[in-house]
Amino acid sequence: MSAQNRIDRAFAGLKQEGRIGLFPYLTAGYPDRAACVRLLRVMADAGADAFELGIPFSDPLADGVTMQITSAKSLAQGTTLADAFDIVAEFRQTHDTPIVMMSYVNPLMAYGFERLCADAARIGVDGFIVPDMPLEEAAELADAARQHGLHYVYFLAPTSDAGRIEAVGGQSSGFIYCVALVGTTGARSELSAELPDFLARARAATATPLVVGFGISTPAHVARLVGMADGAIVSSAIANLIEATPPEQVEAAVDEFVRQLRAATAGTTAATR
């Protein structure tokens, strides 16, 4: 992949800084389109290293209740994939923070893979994550992404065997999304006891950066990943904070929380040990 991709540049910078990356997740169009752009900018200024931007979808099978709610609220406002592109384009007017879009396959297929990747690259998207696209079925989209300089990120889970880890390690681009637990997204009080062994098996099989999501909810969780992974995705905890905070105080609350998460990223990364 070209060194011009923002994800590659971000991991190169993280290696030099000697810390793991913080990847906040936000559903496109949530809590509304204008607020979504403002929150992306707030989190970037607070130290986010990259974003996972979710495309709202009616049947988000990998998501728990919190992200189901954000998807439903965004869809109720009419948010489409094209709107998500518009949000990225508006964010790009002021910030260069990497953005990887997460979507289920149906909206992407309806848009058309070639058109999707061409538009994404032109607007300033850096890659795609598609949780319901099996590795064995992803070649067409992954090839289109690669041709346009975009990363295509595959998943590993604690249940992945050695063969699966090797296959994903050989094909994932940018980073590998390591699911921290067996289940759906959602804030958790504790990380899985199986996570260190899972990440060690993945690390032994591939040099591709490992970014951990699902259940990463607190600065302590992020700090636990230092030395085991190369990045942390925080989603439901941010959405829960937005839901629980008066609208006029949301930006300040998210700014403070992201700064706390970012402070927990310092340390030696798995890729730089």
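F214 sits in the loop between β8 (210-213) and α10 (219-225); helices (H or I, at least four residues) and strands (E, at least two) are DSSP runs, numbered from the N terminus. This is a predicted model, in which local features need pLDDT of at least 70, side-chain atom pairs count only at pLDDT 80 or more, and totals for chains, interfaces and linings use all residues. Residues are numbered from 1 along each chain as its sequence is written, and side-chain values use heavy atoms, leaving out hydrogens and water.

Student: What is the phi of F214 near?

Tutor: Most residues other than glycine have a negative phi. F214 is not a glycine, yet its phi is positive, near 80 degrees.

Student: Is F214 buried or exposed?

Tutor: Buried means under 20% relative accessible area, exposed over 50%, and partly exposed in between (1.4 Å probe, protein chains only). Because its relative accessibility is 8%, F214 counts as buried.

Student: Which backbone oxygen does the side chain of T245 reach?

Tutor: T245 lies in the loop between α11 (236-244) and α12 (250-263). A polar contact is a pair of N or O atoms within 3.5 Å; within protein, one must be able to donate a hydrogen and the other to accept it, and residues adjacent in sequence count only if both atoms are side-chain atoms. At 2.6 Å, the T245 side chain reaches the backbone oxygen of L241.

Student: How many disulfides does a search of the whole structure find?

Tutor: A disulfide is a pair of cysteine sulfur atoms within 2.5 Å. C36 counts as buried because its relative accessibility is 0%. For the whole structure, the number of disulfides found is zero.
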